[in-house]
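The following paragraphs lead the reader through one structure, step by step. Please keep the sequence and the model in view while reading.

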Amino acid sequence: MGHRNLKKDSYIDALNESMISVEKTLNLLTRLENNRLNIDEAIISKDISKTILDLELNLASMCILLRKMSENKFIDLPTDLRRDMNSIIHSNRFDYDEDVIVYSQKGREEVNLNQLLVFCESVLANDK
């Protein structure tokens, strides 16, 4: 296996792990929200806040991997997706409430999370 194929396989493996982390985090957020009435508000709010921070980091890692894959000419990124990814990576504030909202020097930006996840799934599916 050549160096380029090894590099691509390494990126694909990392992207797959990153995608799994994002999905797990989103599932945890859903479970926490569903249990909001059954758990003390202070405890659930702290758990939700920490999980949203985890989501921000997982999404940023996934976006960096996608950008590296694009820079190495393994994938082509649509312009609107590249913009959303840059917003996630460079944001100084991140909010999640069914939608991802990031804040940066440009101001408030809504990120199309579904489009990002579908794109990752297509990258992973096309590599098989």
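Thr 79 lies in helix α3, which covers residues 79-90; helices (H or I, at least four residues) and strands (E, at least two) are DSSP runs, numbered from the N terminus. The model is predicted, and local features need pLDDT of at least 70, side-chain atom pairs count only at pLDDT 80 or more, while totals for chains, interfaces and linings use all residues. Residues are numbered from 1 along each chain as its sequence is written, and side-chain values use heavy atoms, with hydrogens and water left out.

Is Thr 79 buried or exposed? Its relative accessible area is 69%, so Thr 79 is exposed (buried means under 20% relative accessible area, exposed over 50%, partly exposed in between, with a 1.4 Å probe and protein chains only). Thr 25 is 54 residues away from Thr 79 in sequence, and their C-alpha atoms are 26 Å apart in space.

Strands β2 (residues 100-104) and β3 (residues 107-111) run antiparallel and are joined by 5 bridges; two strands pair if DSSP finds at least two bridges between them. A hairpin of 2 residues connects β2 to β3. Within this pair, Arg 108 of β3 stands opposite Tyr 103.

Helix α1 (residues 3-34) packs against helix α4 (residues 113-126) at an angle of about 145°, with axes 10 Å apart. Axes are lines fitted to C-alpha atoms, for helices over the stretch in contact, and angles run from 0 to 180 degrees between N-to-C directions. Residues in the contact (heavy atoms within 4.5 Å) include Ile 12 and Leu 15 of α1 and Leu 113 and Leu 117 of α4.
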